[in-house]
Amino acid sequence: MSQVAPGEHELRRVIDEDREVDGLGEQELLDFYRSMTLLRTYDERSLVYHRQGRIGTYAMFWNHEAMQAGSAHALAAGDWIFPSYRESAIGLLRGIPASTILHWWRGHPAGWWNPADHNVASICVPIGTHVPHAAGFAWGTKLKGEKTVSIVYFGDGATSEGSFHEGANLAAVMQAPLVLFCNNNQWAISTPLSAQTRAEALVDKASGYGIPGVRVDGGDVLAVFEATREAVDRARAGGGPTFVEAVSYRAAPHGTADDPRAYIDVERVEQEKRNECLGRYERYLRKLGLLGDDLEASIKAEALEVMRAGIAEAEAAPDPDVGLVFEHAYANPPASFASDLAELCRILGGGLG
Amino acid sequence: MSLRFMVEAVNDALHVELARDDTVMVMGEDVGRAGGVFRATAGLRDRFGPDRCVDTPLAEAGILGGAVGLCMAGWRPVCEMQYDAFSYPCLDQLINHVGRYHWRTRGKMEFPLVVRMPYGGGVRAPELHDDSPETYYVHTPGVKVAIPSTPADAKGLLAAAIRDPDPVVVLEPKLIYRNERAEVPEGEHVVPLGKARLAREGSDVTLVAYGAMVPLCERAAEELEGEASVEVLDVRTLKPLDEEALLASAAKTGRVVIVQEAPRTAGFGAELAAILAEKAILDLHGPVLRVTGFDVPYPYWRIEDAYMPSLVRILDAARKLLAF
């Protein structure tokens with residue numbers, strides 16, 4: 001049994017308080033900016049690619065960049081990330097090529113990667129079901145005596161799922177080195193947080209698991225970084241999991257197939273857009289004198305080039321071979337696969353018709 | 001060789017495999033301190049420690065989802081689901097992740113986990129301690145399914161499942177967990193997945209079954225002695241299925257009765273019947289018959305014998321087919 005303080009309700013902030021975060025120099029502050037810009041550019045270009053018919057259905061993460069970049073930068077290179085689809089492009093920050101992630105949204109098998117290459121697990125589509133994976137993985141690394149820390153991302157809606165509960169509880173019981181990072185953007189498609197829970201704050205769930213919980217301004221990349229770093233340090237020191245609730249607001253649709261005007265407060269969205277996370281951070285950096293027009297332009301151009309090259313590479317890839325339908329379903333496939341494939345190829349005559 | 005009950009053979013397999021490979025671990029509800037509600041995991045915690053025979057929170061999706069992550073961290077978890085019907089919460093993980101994750105990594109990561117559980121009826125138990133859920137598992141791509149009917153196979157199939165690079169579900173027929181001791185090889189014993197077992201040779205009719213229905217079919221064969229020569233085929237691995245053995249027996253006898261405890265509609269027997277219809281039609285002298293449970297909730301135990309395939313129902317089907 002453990003005694004934990006109730007989760008903090010006060011949002012931790014850095015930017016709005018004009019504070020600085022210990023241990024962050026000019027280089028790190030600009031790295032955060034590069035990462036946020038890359039994510040923002042990925043997201044905005046993807047919406048364009050979708051409208052041009054170059055990628056399929058796409059789930060935006062506009063205004064989530066501070067949460068993703070701030071937390072990812074708090075990890076060591078060997079630490080593991082378990083993303084949901086809202087963090088589909090977080091692997092960019094770990095060196096996964098843009099083309100790979102674009103392939104994923106283009107429905108091409110080349111969109112999957114080997115998680116061990118970048119310590120980024122596969123994108124999880126069903127809500128919250130990867131929380132037990134992260135808990136099991138973190139517990140497994142601890143059992144092996146490794147010093148790896150893991151982070152799992154999920155939204156406010158996921159906290160209603162049984163999988164979230166079972167994963168969070170398992171991590172707590174096993175004192176697994178895990179950060180449970182809740183991106184509370186206050187909407188699960190059309191369902192507002194008030195219809196998701198009676199809890200005053202999602203962070204209150206932490207004390208039910210006997211783990212610490214903190215609440216942070218999700219639009220403040222530095223506050224997110226600081227809170228996550230504290231959780232990572234605790235996990236690495238053997239202190240078990242922490243629940244981080246990052247509070248933000250979904251200022252874009254759930255995905256390209258969603259029209260939020262039917263349910264969302266349009267005024268509020270406009271207000272959130274005016275205070276979106278990348279702009280806030282730009283103003284902070286400018287005030288510190290770290291960012292000027294030229295640097296901003298060159299960082300944005302760099303990110304655009306990543307996307308231009310990424311989509312070009314993805315579009316240049318040949319169509320996947322029919323045989324890939326059967327490939328990798330099993331490490332040791334049943335004999336029937338070979339005859340099924342031969343028969344399919346005979347009928348198709350080498351093409352999908 | 002030594003004489004063991006089936007559940008003792010399961011326990012033996014776990015002891016041997018945990019000793020053989022220190023990445024193998026057992027996890028589940030009550031598997032550690034209690035040694036499992038059926039004693040299948042007895043002695044493991046004392047011998048291998050609480051990190052390799054782990055009492056988990058009471059959470060089937062958490063157990064199987066946790067096992068997915070453990071595989072990624074280099075472990076080979078053997079998950080116990082306490083009872084057949086209590087395994088259903090883990091189907092979410094099984095369908096959405098266990099059967100897909102190797103594919104998602106384009107074959108780069110393996111998920112060599114095992115889900116094992118006691119299953120099936122006829123044991124005078126409360127509600128939802130009697131189900132035969134094999135079809136749910138067999139229907140899940142990326143997953144293999146084995147069901148032993150003898151103590152030796154219970155040991156050998158579980159060992160094969162633990163060593164297999166793919167996720168394997170092993171269903172253990174609890175009706176025959178402790179009914180009869182039989183010879184079980186000592187030490188390492190592996191029965192390859194994907195191979196059926198000819199439990200009894202015959203020439204007039206084939207009874208195809210798995211799990212607790214195999215010994216019942218063997219009794220039916222004895223009853224029919226002098227009347228007909230009966231072959232009994234023990235499927236052993238439902239996926240990947242040993243189609244050759246099924247088709248060879250059908251070609252030999254020309255008559256097939258399939259016996260399964262599970263409800264009839266879209267049960268595994270339907271798959272066997274479909275394969276026979278596709279590939280053995282000209283060998284058959286009559287229709288493929290099924291003796292199965294019914295499409296109803298598994299009944300109260302005072303009338304469960306009317307639900308379970310019984311000797312008289314199997315004899316009736318075999319005689320009908322012989323007279324066709």
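Predicted model: local features only at pLDDT ≥ 70, side-chain atom pairs only at ≥ 80, totals over all residues.
Reader: Why is strand β4 of chain B called largely enclosed?

Author: The burial cut-off is applied again: 5 of the 5 residues of β4(B), residues 76-80, are buried, so the strand is largely enclosed by the rest of the structure. Both of its faces are covered. Arg76(B), Val78(B) and Glu80(B) are buried on one side, and Pro77(B) and Cys79(B) on the other.

Reader: How do you know that β2 and β4 of chain B pair?

Author: Two strands pair if DSSP finds at least two bridges between them. Strand β2(B), residues 24-28, has 5 bridges to β4(B), and the sense is parallel. Gly28(B) stands opposite Glu80(B) there. β4(B) also pairs with β5(B), residues 114-119, in the parallel sense over 3 bridges. In that pair Cys79(B) stands opposite Val115(B).

Reader: What makes β1 and β6 of chain A the edge strands?

Author: The open sheet has 5 strands in the order β1-β2-β3-β7-β6 (chain A), and its pairing is parallel. β1(A), residues 80-82, and β6(A), residues 213-217, each pair on one side only, which is the mark of an edge strand. Neighbouring strands of this sheet are turned by 20 degrees against each other on average, direction ignored. Helix α5(A) packs on the sheet and touches β1(A), β2(A) (150-155) and β3(A). Its direction makes about 170 degrees with that of β2(A).

Reader: How many bridges join β3 and β7 of chain A?

Author: There are 6 bridges between β3(A), residues 178-184, and β7(A), residues 242-247, and the two strands run parallel. The cut-off is at least two bridges, so the two strands count as a pair. Among the bridge partners are Asn184(A) and Val247(A).

Reader: What is the pairing in the open sheet β9-β11-β10-β13-β14 of chain B?

Author: The pairing in that sheet of 5 strands is mixed. The edge strands are β9(B), residues 197-200, and β14(B), residues 289-291, each pairing on one side only. On average, neighbouring strands are turned by 25 degrees against each other, direction ignored. β13(B), residues 256-259, and β14(B) pair in the parallel sense over 3 bridges. Ile258(B) stands opposite Arg290(B) in β14(B).

Reader: Which strands of chain B does helix α8 lie across?

Author: Helix α8(B), residues 213-223, lies across β9(B), β10(B), β11(B) and β13(B), and runs at about 175 degrees to β11(B). Helix α12(B), residues 311-322, lies across β10(B), β11(B), β13(B) and β14(B), at about 170 degrees to β14(B).

Reader: Which residues touch the most other members of the largest nonpolar core?

Author: Val244(A), Leu207(B), Cys217(B) and Val257(B) do, in a core of 198 residues. The largest share of this core, 9 residues, comes from helix α8(A), residues 221-236. Neighbours within four places in sequence set aside, Val257(B) has contacts that include Val205(B), Leu207(B), Leu289(B), Val291(B) and Ile314(B).

Reader: Why is chain B called as compact as a globular protein of its length?

Author: Chain B holds 12 helices and 14 strands. Its radius of gyration is 19 Å, close to the 20 Å that the globule rule gives for 324 residues, so chain B is as compact as a globular protein of that length. Of its 324 residues, 58% count as buried. Its C-alpha trace spans about 60 × 40 × 40 Å along the principal axes.

Notes:
Residues numbered from 1 in each chain as written. Chains lettered and ligands numbered in written order. Helix = DSSP H or I, 4+ residues; strand = E, 2+ residues; numbered from the N terminus. Axes fitted to C-alpha atoms, helices over the stretch in contact; angles between N-to-C directions. Contact = placed C-beta atoms within 7 Å. Core = buried A, V, L, I, M, F, W, Y, C linked by C-beta atoms within 7 Å. Buried ≥ 20, exposed ≤ 12 C-beta atoms within 10 Å, placed from the backbone. Rg over C-alpha atoms; globule rule 2.2 N^0.38 Å.
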